[in-house]
Structure formats: C-alpha cells, structure tokens
Amino acid sequence: MAKPELVVKKSVVRALYGGATSLNLSSQRIKDVPKCVSRLTKLSVLLLNNNSISRLPVELLSLRQLAELNLGNNDLEEVPAVLGHLESLKKLYLFSNQITVVPPEVIGGLENLVVLNLNHNLIQRLPPEIKSLTKLQHLSVLDNNLEEVPVEIGYLASLSEINLTSNKLSQLPQQLYQCKELTKLYAARNKLASLPEGIQALEKLQVLDVAGNNLTMFPIKFHLMSLKELYCEGNRFAQCEPMLSVQDAEVLSLKELVARFVLQEDRNRFSLIHRMLPRYPSLAALLACGSCCAVCLGPFLTTWLECVHFVRLKKDMKMKTLLTVPVRALVCSYKCFNREGHSFYGVATR
C-alpha cells in the first residue's frame, strides 16, 4: 500500500473510533477519496484540498451532516454529482480545479449553501438553477471564463458579497440590483462597457471594484450612493474637454408629448389619469421606462439628451480618494441644457 494511502487510512480509522466531526485529509497526495470516509456519518467538516482528486465516490451520500467541504486545488473537471445530495452543506470550496461545467441538478440541490467558492477554474456560465441558493451570502467566481451572469442572480436575497473579477463579462444583469443585502461587488478586469442603471438600489453597497474595464461613465444617481471604497482605475472614462457642438431643432413626436403629459399627471395622486392608469397595464409598463430630467426634474419617455457631470469622490461622496469620476445624467431638452447654473456637459463621441 502506498504511503499516502496508508496515512489517510490511519486518519480515517482514528476519526471513526473517536466519533470525529471533522477530518483533515488536505495535502496528502491522494487521487481517490477512500470509500470508508462515508462511515463517518457525524462529519460536519471535510478538508480534501491540495490533492489530485478527480472524482468523488457516491458513498459520500451518507455524510448527511456535512456542513463544510473543501475540494480546492484538485483535478476536478466538473462539480461532482454527489454534492447535490449533501443538503446540509453550507460552505463549499472548489477553487483551483479544471471545472468547466456546473451541472444544474447539482447546484439546485444545495439550497443551504452560504459560501460558494469557484475561483480559478474554466467555467463559462452559471446555470439558472443558481436561483435555488437563496441563503447564499458569498459567491466567488474569480478568474474563470464567465461570459454572462444569469438573470436568476436576482433571487439570491441573502447575497452580501460577489466576486466576478477576471472573467469575460461584457455586461451585468439588471437583476443583480435585486440583491438588496449586497455590500461588496467585485467585477474588475472584465469587458464591461457600462453598468446597468438603477445601481442606487444597492443601498448597503460599501465596496465597488470595476477597475480594468471599458467604462466611460457611472450610472445615473451614482453619486447618491453610500460607498466607502471605489476602485475604477484602468477604464475609458469621459473627459471634460471643450468641443464644438451643433444643436438640432427640437421636434418631439406626438407619442413623446403625450407621454410627458401623462407622466406629469401621474405624479398627482388626485388626478384622473393617476387613478385610471392601473387599468391599462400595457400603457403603465411603457411609461415605467420613463426618466426624469436632471435639470427641470420633469418626466420624459425617451432620452432626449445624454449628459455627464463630474463627481469629486471626496467632496460629493465623502470618500477618502481624491478621484473625480463622470456620472451619467439625462436632460429632457436643449432648453434645459442651455439653462445657466447647472454642471452638466453634453457627451460627444470621437
């Protein structure tokens, strides 16, 4: 019997006779998990990291009380199917493997997970079944090949930290802003050209890392957030430079004129339009896409003029950094844009 296997067997035997609730088999150079581990039915912690494990025996189904499993730095190519039956798992570490696939049936069976670490793998996408992880607080998929984040991420009501750094993401889903408990969002070194509007909905967000992307500006009302840390170096932010511009004649469509009237009336809860609008759900849905002018605060349906204003993080957001960042703003007309007293600039493309 090879020396590593002998050492492992002795460890398992000691744990079995001692009624152990934890077992550490990390860094033992093993390729297979001994089936006798399945007899340790009281185990709550099993450490198998830093080995050469490529699969797990089905016998591990008996570990019904297992709450923490570390399989980091092994040779797994997919998330083992047996894990989907370990319903007591709260912490699962699968970092530094060669995982390319996260099977839907496995992730859907881990409803009690609080921590999921998939760092340093080859994962291209996460399955929609991730919505089952309603207790998940920490999700880390750093250094993978993720091309998109599923919209079902919005179901993770307990999520407080997500790490998407070093992937291939070109956008983030709007549904991410439904994760109201989120305090830390890491999305550095991706291909993000913009962040979805509505980021101010993340009222508890304290740390945002979007360094090394292709951002030109931050979303509307970004400066109203209560961030403590912002990392945004290495982007393509808009610069404040004087340029010649041509203002076209303002000709609003009938649809836009009516929409602005209805939106304005809807602000008055005593108006007939406000009372009747709920009876026309398709119209209400259309008007829900409306915006508010940054200058006159009046409503409008389509973006008439895209602008930017420059926010000093230390002065305007009470942060420690001296950085100034561009924040998107929408103005309803050239009439508002030409008013004196505001600090909005038109956006030009080169």
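This report covers salt bridges, a charged patch and the cysteines, in that order.

## Salt bridges

The model is predicted. The count of salt bridges comes to six. One of them joins arginine 125 to glutamate 147, at 3.9 Å from N to O. Arginine 125 sits in the loop between β5 (115-117) and β6 (138-140). Glutamate 147 sits in the loop between β6 and β7 (161-163), and the two are 22 residues apart. Both ends are partly exposed: arginine 125 has a relative accessible area of 43%, glutamate 147 one of 41%.

## A network at Arg328

Glu197, Glu306 and Arg328 are linked in a network of salt bridges. Glutamate 197 meets arginine 328 at 2.8 Å, N to O. Glutamate 197 lies in the loop between β8 (184-186) and β9 (207-209) and arginine 328 in strand β14 (residues 324-331), so this pair ties together parts 131 residues apart in sequence.

Glutamate 306 also forms a salt bridge with arginine 328, with the closest N and O atoms 2.6 Å apart. Glutamate 306 belongs to strand β13 (residues 305-312), so its pairing with arginine 328 in strand β14 ties together parts 22 residues apart in sequence. Glutamate 197 is partly exposed at 27%, and glutamate 306 is partly exposed at 33%.

## Negative patch

Asp75, Glu77, Glu78, Glu105 and Glu129 gather in a surface patch of negative charge. Glutamate 78 is in the loop between β3 (68-70) and β4 (91-93). Its relative accessibility is 42%, so glutamate 78 counts as partly exposed.

## Cysteines

The cut-off for a disulfide is 2.5 Å. The whole structure has zero disulfides. Cysteine 296 is partly exposed at 31% relative accessibility, and cysteine 36 is partly exposed at 29%.

Conventions:
Residues are numbered from 1 along each chain as its sequence is written. This is a predicted model: local features need pLDDT of at least 70, side-chain atom pairs count only at pLDDT 80 or more; totals for chains, interfaces and linings use all residues. Side-chain values use heavy atoms; hydrogens and water are left out. Patches are made of residues with over 30% relative accessible area and no salt bridge: like charges are joined within 9 Å, nonpolar side chains (Val, Leu, Ile, Met, Phe, Trp, Tyr) within 5 Å. Accessible areas come from the Shrake-Rupley method with a 1.4 Å probe; for residues, only the protein chains shown count as cover. A salt bridge is a side-chain nitrogen of Lys or Arg within 4 Å of a carboxyl oxygen of Asp or Glu. Lys and Arg count as positive and Asp and Glu as negative; His and the chain ends are not counted. The place of a charge is taken as NZ of Lys, CZ of Arg, CG of Asp or CD of Glu. Helices (H or I, at least four residues) and strands (E, at least two) are DSSP runs, numbered from the N terminus. Buried means under 20% relative accessible area, exposed over 50%, partly exposed in between (1.4 Å probe, protein chains only).
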